[in-house]
Amino acid sequence: MFATTPLRIVAVSAGLSQPSSTRLLADRLAAATRERLAAEQDRNVEVRVIELRDLAVDIANHLVSGFPSATLREAIDAVTEADGLIAVTPVFTASYSGLFKSFFDLIDNTALTGKPVVIAATGGTARHSLVLEHALRPLFAYLRAVTVPTSVYAASEDWGSSGDEYTEGLPSRIRRAGGELASAVLGRTVSGASRAPGLDEGDDAVVPFEQQLADLRLD
């Protein structure tokens, strides 16, 4: 039976420039998630991307006044009510951007409890990829969200790269992260370690949670 309530995927992009590689990564992760969800169930899938650059003044005013604008309140509600969340930030001074952190500072620390999240970041060099593990993953652990095993970092040289025999290219990592988020939204257990067969090829592996923790690896 066709369900009338759509699945809602919200991507938060903290990119500052236009065009923005951070927004591009958010769009591609959202598209990969939508594609997997559409292929595996009958509900409609709604995708929304929230550009924090458009909310920067509202965020600052809320931090000092304690009162959100209607636009900011609606954006916060969209994030907390989403079935799945994609959070993408540029790397500034070896961490997430201040705008990114300020927005999530406004969200109650129980509002994302149990919510599936893909964390992702962009930067000029691959040397900053550890920001995913030492900054973003602890942030969403504090917010009690459930981050999927695969995180995605895109350095400048990753765009247009297909990888090599030792590493996965950016498109493959995006598809895998999107597939994991889709599986989490549908209530399935996913593993970030499986590569053949993996989420890119078809069947999702059902792996005990303890094994998932053991299998985590940096992307």
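Student: Why is A94 called partly exposed?

Tutor: This is a predicted model, and in it A94 has a relative accessibility of 38%. Buried means under 20% and exposed means over 50%, with partly exposed in between. The value for A94 falls in between, so A94 counts as partly exposed.

Student: Where is A94, and what is its phi?

Tutor: A94 sits in the loop between β3 and β4 (95–96). Its phi is positive, about 65°, although A94 is not a glycine.

Student: Which class does R144 belong to, buried, partly exposed or exposed?

Tutor: R144 has 45% relative accessibility, so R144 counts as partly exposed. R144 is in the loop between α5 and β6, and its phi, near 65°, is a positive value in a residue other than glycine.

Student: How do you know that the span of helix α3 agrees with its number of residues?

Tutor: Helix α3 covers residues 70–81, which is twelve residues. The expected span is 1.5 Å times one less than the number of residues, and for α3 that should be 16 Å. The end C-alpha atoms of α3 are 16 Å apart, so the two agree.

Student: Which residues of α3 are buried, and what covers them?

Tutor: L72, A75, I76, A78 and V79 are buried in α3. They cover an arc of only 155° around the axis, which puts them on the same side of α3. The cover over the buried residues of α3 includes β1 (7–13), β2 (45–51), α2 (56–65), β3 (84–92) and α4 (98–105).

Student: What makes α6 largely enclosed?

Tutor: Of the 16 residues of α6, 13 are buried, so α6 is largely enclosed by the rest of the structure. The span of α6 (residues 170–185) can be checked too: it should be 22 Å, and the end C-alpha atoms are 22 Å apart, which agrees. After α6 comes G187, with a positive phi near 85°.

Student: Why is α4 called roughly parallel to α5?

Tutor: α4 and helix α5 (residues 131–142) pack at an angle of about 10°, and their axes are 12 Å apart. Angles under 35 degrees count as roughly parallel, so α4 is roughly parallel to α5.

Student: Which residues meet where α4 and α5 pack?

Tutor: F100, K101 and F104 in α4 meet L136, L139 and F140 in α5. The C-alpha atoms of K101 and L139 are separated by 8.9 Å, although these residues are 38 residues apart along the chain.

Student: Why is K101 called partly exposed?

Tutor: The relative accessible area of K101 is 26%. Buried means under 20% and exposed over 50%, so K101, in between, is partly exposed. The side chain of K101 also forms a polar contact of 2.6 Å with the side chain of D105.

Student: What makes the pair T147 and R137 a polar contact?

Tutor: Their side chains come to 2.9 Å. A polar contact needs N or O atoms within 3.5 Å, one able to donate a hydrogen and the other to accept it. The pair T147 and R137 therefore counts as a polar contact. T147 lies in strand β6 (residues 146–147). Leaving aside neighbours within four places in sequence, T147 is in contact with V117, I119, R137 and F140.

Student: What is the peptide bond from Q18 to P19, cis or trans?

Tutor: The bond is cis, with omega near 0°. P19 lies in the loop between β1 and α1 (21–40).

Methods: Residues numbered from 1 in each chain as written. Predicted model: local features only at pLDDT ≥ 70, side-chain atom pairs only at ≥ 80, totals over all residues. Heavy atoms only, no water. Helix = DSSP H or I, 4+ residues; strand = E, 2+ residues; numbered from the N terminus. Contact = heavy atoms within 4.5 Å. Buried < 20%, exposed > 50% of the residue type's maximum accessible area, 1.4 Å probe, protein only. Arc of directions from axis to C-beta. Axes fitted to C-alpha atoms, helices over the stretch in contact; angles between N-to-C directions. Parallel < 35°, antiparallel > 145°, perpendicular 65-115°, else oblique.
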